[in-house]
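Please look at the sequence and the model shown below, and keep both in view while reading. The report that follows takes up helix packing, then strands, and then the chains.

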Amino acid sequence: MKVLYFAWLREKAGLGEEDVAPPDTIRDVAGLIAWIRGRGGGPAEALADLAAVRVAVNQEFAALDHPVGAGDEVAFFPPVTGG
Amino acid sequence: MIRVQREDFDVGAEIERLTAGNHRVGGLCVFVGLVRDIAGGAPVGAMTLEHYPAMTEKQLADIDAEALTRWPLEKTLIVHRYGRLEPGDRIVLVAAASAHRQAAFDACQFLIDWLKTKAPFWKLEEGAEGAHWVEARDADDVAAARWDDPAAEAPVRAGPRA
């Protein structure tokens, strides 16, 4: 599974992208976030407060209960500010 | 049609290309977004636009397709830049061409309103006290939300396309 971080989440995480292999018990976005937080370090800090975090799974906006699995691309980023 | 690029674009040339040879177009509405030199009362030196390339392309294509579904349009165009931009630089162009002006006006507004809340771009502004990430504005969510229910708007949906 590939995890991406953008904007200030990327800065806080200390990386823009990482390949991760969470256990099979991790089945949705909320589970993945809990697992990342459990590992500690920059990514855990980036996901400490979810109020200002948006999620995309395979390039589509996704809610916390959206399923995730091996091969998926999961991105974490702040609310968008383009245009 | 959508395009995401680092380089600048020529508004006149884009419009020319969009309508060339299509004489069913009676009206074209264009919005161009520029970098301001002031934000929240503080001067801004420059900004850097970060984006999520794969998702940006997907979201812009979806927004473009949605506009073509809702209004009787001949052509649409979204061009969005990324990278470092200075005050006065063009950031984005959206355009909608139709037989009549109302569809062009409405679709143009829809395109930029949805883009601002759905396309994954983030602005890093350089100010006197260093760089900071621009926060999303509630007003942009409100502007985008009024297009949420297709049945509640788009008064010019009726009528077959020529």
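## Helices H3 and H4 of chain B

In this predicted model, H3(B) and helix H4 (residues 138–145) of chain B pack with their axes 8 Å apart and at an angle of about 130°, where axes are lines fitted to C-alpha atoms, for helices over the stretch in contact, and angles run from 0 to 180 degrees between N-to-C directions. H3(B) is therefore oblique to H4(B), given that angles under 35 degrees count as roughly parallel, over 145 as roughly antiparallel, 65 to 115 as roughly perpendicular and the rest as oblique. Helices (H or I, at least four residues) and strands (E, at least two) are DSSP runs, numbered from the N terminus.

From H3(B), the contact draws on B:Asp113, B:Trp114, B:Lys116 and B:Thr117, and from H4(B) on B:Asp140, B:Asp141, B:Ala143 and B:Ala144; two residues are in contact if their C-beta atoms, placed from the backbone, lie within 7 Å. By class, there are 4 charged, 3 nonpolar and 1 polar residues in this contact, with Ala, Val, Leu, Ile, Met, Phe, Trp, Tyr, Cys and Pro counted as nonpolar, Asp, Glu, Lys and Arg as charged, and the others, Gly among them, as polar.

## Helices H2 and H3 of chain B

Helix H2 (residues 53–70) of chain B packs with helix H3 (residues 101–118) of chain B at an angle of about 155°, and their axes are 10 Å apart, so H2(B) and H3(B) are roughly antiparallel to each other. On the H2(B) side the contact includes B:Leu60 and B:Ile63, and on the H3(B) side it includes B:Phe110 and B:Trp114. The residues of this contact divide into 8 nonpolar, 1 polar and 1 charged.

## A strand pair in chain B

Strand E8 (residues 121–127) and strand E9 (residues 130–133) of chain B pair in the antiparallel sense over 4 bridges; strands pair if DSSP finds at least two bridges between them. B:Glu125 has B:His132 in E9(B) as its bridge partner, and a hairpin through 2 residues joins E8(B) to E9(B).

## Chain A and its contact with chain B

Chain A holds 3 helices and 5 strands, which follow the pattern β-α-β-α-α-β-β-β along the sequence. In chain A, 14 residues are in contact with 21 residues of chain B. Helix H1 (7–13) and strand E5 (73–77) of chain A each supply at least two residues of the side that touches chain B, and that side has 10 nonpolar, 4 polar and no charged residues.

## Reading the model

Residues are numbered from 1 along each chain as its sequence is written, while chains are lettered from A and ligands numbered from 1 in the order in which they are written. Because this is a predicted model, local features need pLDDT of at least 70 and side-chain atom pairs count only at pLDDT 80 or more, whereas totals for chains, interfaces and linings use all residues.
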